Every structure is written in C-alpha cells, then in structure tokens.
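Visitor: Please show me the structure, and I will ask about it as we go.

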Amino acid sequence: MTVAANPIDRPTRDLSGLAHRMKCARISLDLTQEELAESLGIARQTLNGYEQGHTDPPASLLAQLCEDYSIDPVWLLLGYQPPLMIAPGGGGYSAFLGEGE
C-alpha cells in the first residue's frame, strides 16, 4: 500500500518566511488576492508570485501593506514581535525615552 505524500511537505522557496506571512496577513484581513492586489496597485499575478515566494516584493510595497492594513512590519519581515522595552525601575516606555524626568 502506497501512502500519498502530504502536499504540505512539498518544498517551497519560503514557506515559513515573508511569502507565508504575506499570505497569512491577507487571509486574516479576509481579502482575496484580487482585492489586496487592487488596493496595492499591482496585478493579482504579481501578488501571487510574492505569496508563493517566487519573487520578492519591493520595500515600498511592504511599507504600503503595513501602513494601509496596520500590520506590524517587524512581524511581516522577521516573523516575531519585538520584546517590549521597559526602562529599569518600571517607568514604562516614556521613562525609557527619558520623558517625564
């Protein structure tokens, strides 16, 4: 008996990287490729290429995507949220910046 290969196991260029996160962001926004591509001013086929990891999107397009849809650019580019920076003494973010002294 032969077991069919799991399609998820097929190698791709960037399954867990930027391409995957772009697709996850689009799906979480409940947008089709057509809708997102139109809002970004690109062809659907271009967006598909980015999501499949065939081509890398320009930085200007990533910036537009993050700005227009409130996507954290650190998450989109690196895949994680940066740690919260808290000043010594528990003063919060404003204390870290030197404000309120």
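Visitor: How are H2 and H3 oriented to each other?
Guide: This is a predicted model, in which local features need pLDDT of at least 70, side-chain atom pairs count only at pLDDT 80 or more, and totals for chains, interfaces and linings use all residues. Residues are numbered from 1 along each chain as its sequence is written, and side-chain values use heavy atoms, with hydrogens and water left out. Helix H2 (residues 33–40) and helix H3 (residues 44–52), both DSSP runs of H or I with at least four residues, have axes 8 Å apart at an angle of about 105°. Angles of 65 to 115 degrees count as roughly perpendicular, so H2 and H3 are roughly perpendicular.

Visitor: Which residues of H3 does H2 meet?
Guide: Contact means heavy atoms within 4.5 Å. From H2, the residues involved are Gln33, Glu34, Leu36 and Ala37; their partners in H3 are Arg44, Leu47, Asn48 and Glu51.

Visitor: Is Glu51 buried or exposed?
Guide: Glu51 lies in helix H3. Buried means under 20% relative accessible area, with a 1.4 Å probe and protein chains only. The relative accessibility of Glu51 is 6%, so Glu51 counts as buried.

Visitor: Which side chain does a polar contact of 2.6 Å join to that of Glu51?
Guide: A polar contact is a pair of N or O atoms within 3.5 Å, one able to donate a hydrogen and the other to accept it within protein; residues adjacent in sequence count only if both atoms are side-chain atoms. Beyond four places in sequence, Glu51 touches Ala19, Met22, Lys23, Arg26 and Gln33. The 2.6 Å polar contact of the Glu51 side chain is with that of Arg26.

How values were computed:
Axes are lines fitted to C-alpha atoms, for helices over the stretch in contact, and angles run from 0 to 180 degrees between N-to-C directions. Helices (H or I, at least four residues) and strands (E, at least two) are DSSP runs, numbered from the N terminus. Angles under 35 degrees count as roughly parallel, over 145 as roughly antiparallel, 65 to 115 as roughly perpendicular and the rest as oblique. Buried means under 20% relative accessible area, exposed over 50%, partly exposed in between (1.4 Å probe, protein chains only).
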